[in-house]
Amino acid sequence: MKYMLLIYGNAELWESFAPEELTKVVQETDALHVELRASGEFVGAYGLADQDMAKLVRRADDGLPAVTDGPYIEAKEYIGSFDIIDVESEARALEIAARVPFARFGPVEVRPIMHEAAPDV
Amino acid sequence: MSVDTRLEDLLRGLAPQVTGALVRRYGHFDASEDAVQEALLAAALQWPEQGRPENPRAWLITVASRRLTDALRSDEARRRREEGTAIREASDALLAPPADDQAGRDDDTLALLLLCCHPDLSPASQLALTLRAVGGLTTPEIARAFLVPETTMGQRISRAKQSIRTAGSELRMPPPAELADRLPVVLHVLYLIFNEGYTTTSGPDLIRRELTGEAIRLTREVHRLLPDDGEVAGLLALMLLTDARGPARTGADGALIPLAEQDRTRWRADLVAEGVELITATLAVAPLGPYQLQAAIAAVHDEAPTAEATDWPQVLALYELLERVAPNPMVSLNRAVAVAEVHGPAAGLVLLASLAEDPRLTEHHRLESVRAHLLEMSGDREAAVAGYRAAARHTTSRTEQRYLDARAARLLRSGG
């Protein structure tokens with residue numbers, strides 16, 4: 001089963017880190033990724049640029065795209081990074097989520113990734 | 001069938017025999033398996049150009065043995081450099097062609113399958129290792145089939161091999177009592193491989209669907225090696241009877257078509273006939289087991305010319321037996337459907353209400369979709385729509401979600 005771990009936070013939180021603290025959390029994050037690679041459970045991990053960098057693309061009725069600045073929702077906390085893992089069970093996904101270093105500062109949302117497979121109906 | 005496909009089939013068939021022969025002689029499962037992969041690759045590249053050797057198996061064993069001794073020698077040399085001690089050179093006599101017979105090869109294939117399905121490994125690792133070492137698939141192929149990066153799959157396989165080494169397991173046929181314990185794990189792995197392929201209904205996932213064929217091929221092989229085992233025969237029959245419906249299982253748009261609505265003329269009659277014959281013969285002689293019962297249920301469905309003609313009392317009796325032999329909440333859910341068909345939806349719903357207390361089923365999308373189906377049968381349209389919607393929200397299968405949403409939408413429209 002593949003799961004996405006969404007790591008939430010906001011600029012205020014990230015700016016509050018002392019440089020050495022941030023370095024430590026980043027190193028811990030790298031270490032966790034190395035461990036997941038070694039266990040054959042790692043699919044990918046990505047950090048997202050700040051919400052300020054977000055662009056919104058809408059298609060108007062005439063079919064022409066309109067691009068505007070800004071996030072879709074002005075949320076207090078937004079996605080800062082995400083990991084994709086492939087694990088045996090939901091329990092294992094939750095265990096890994098609890099070990100995400102940023103989980104000490106903000107929530108980590110665990111979502112199953114939809115797949116094309118269907119049971120025999 | 002193209003030349004390439006025939007070559008691939010030949011190589012995959014030989015892979016476990018060659019690996020078995022190497023591991024038996026040299027004892028290094030991990031390194032032997034790598035060496036065989038290299039030999040298979042060399043064969044795939046060289047044979048189409050230079051022609052197929054007279055004895056492909058001997059060719060592969062010779063090439064793989066050379067790669068293996070090279071690898072072991074360079075390991076030895078490194079260790080010698082590091083430790084400064086002299087170690088006896090591997091003898092060239094080890095490269096002599098094998099003199100083993102067909103029985104030895106058969107034992108090797110089965111022993112290799114048991115090794116790959118080692119109880120210390122997780123199911124995902126058992127699957128990957130079986131496909132590589134016994135199925136002869138490459139790591140990139142397996143990675144694509146499971147939609148994970150190649151490095152992830154490579155790591156999973158090498159860790160699995162390491163666990164086997166740590167467990168100190170050897171390639172050998174276990175004594176009958178141990179074989180009886182470990183065979184179910186092998187059958188479960190083959191069943192999972194089949195399902196991985198079979199449940200793929202759309203997308204550019206041809207390689208996933210190939211898993212179905214691979215599972216059937218390997219199960220056929222196990223059946224050939226253990227013809228008297230009822231559960232092996234039962235699993236093979238179950239796969240054949242399920243695969244037979246493949247052509248009718250999805251519509252032109254890739255949407256799932258449930259059993260009751262499938263165009264049965266599109267079922268593979270040859271597979272139905274083979275599966276029915278196999279399960280009928282097996283049930284007559286072997287002790288009853290869960291795969292045989294599931295195959296028997298599949299056979300009842302496959303033999304009905306129309307959904308209405310289904311012998312539901314027979315299906316129900318088989319589910320009752322299956323629930324006794326192998327209790328499992330999913331089996332109970334299916335029994336509820338059979339109960340509804342035989343005794344009416346109200347009886348099925350009563351049974352479901354008792355199942356809902358099982359923590360493994362509470363809010364499970366299958367429980368919700370079965371309940372919705374029985375509510376639809378009983379004419380409670382509104383509750384059925386709500387049930388299908390809830391089930392759709394709780395599944396992680398996109399195909400099933402589309403199907404459940406479509407059921408809800410159709411039901412809404414039919415009510416006007």
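These legends describe close-up views of a predicted model. Residues are numbered from 1 along each chain as its sequence is written, while chains are lettered from A in the order in which they are written. Local features need pLDDT of at least 70, side-chain atom pairs count only at pLDDT 80 or more, and totals for chains, interfaces and linings use all residues.

**View 1. The open sheet of chain A.** 4 strands line up in the order β2-β5-β1-β6 (chain A), with antiparallel pairing. Strands here are DSSP runs of E with at least two residues, numbered from the N terminus; two of them pair if DSSP finds at least two bridges between them. Which strands stand at the edges? They are β2 (42-47) and β6 (108-112) of chain A; each has a single partner strand, so one side of each lacks a neighbour in the sheet. Neighbouring strands are turned by 20° against each other on average, direction ignored. The angles are taken between lines fitted to C-alpha atoms.

**View 2. Strands β1 and β6 of chain A.** Strand β1 (residues 2-9) pairs with β6(A) over 5 bridges, in the antiparallel sense. Here I7(A) has V108(A) of β6(A) as its bridge partner.

**View 3. Helix α2 of chain B.** Helices are DSSP runs of H or I with at least four residues. Helix α2 (residues 29-50) of chain B has 22 residues, which at 1.5 Å a residue should span 32 Å; the end C-alpha atoms are 30 Å apart, in agreement. The expected span is 1.5 Å times one less than the number of residues. A kink of about 25° lies at A44(B), shortly before P48(B). That bend is the angle between axes fitted to the seven residues ending there and the seven starting there. Buried residues of α2(B) include F29(B), V36(B) and L40(B). Buried means that 20 or more other C-beta atoms lie within 10 Å; exposed means 12 or fewer, and partly exposed is in between. After α2(B) comes G51(B), with a positive phi near 90°.

**View 4. The loop residue L147(B).** L147(B) sits in the loop between α6 (139-145) and α7 (150-166) of chain B. L147(B) is not a glycine, yet its phi is positive, about 55°. Is L147(B) buried or partly exposed? L147(B) is partly exposed, with 16 other C-beta atoms within 10 Å.

**View 5. The largest nonpolar core.** A nonpolar core joins buried Ala, Val, Leu, Ile, Met, Phe, Trp, Tyr and Cys residues through C-beta atoms within 7 Å. Of the 109 residues in this one, V18(B) and A64(B) touch the most other members. Helix α10 (residues 230-243) of chain B gives the most, with 9 residues.

Conventions. Axes are lines fitted to C-alpha atoms, for helices over the stretch in contact, and angles run from 0 to 180 degrees between N-to-C directions.
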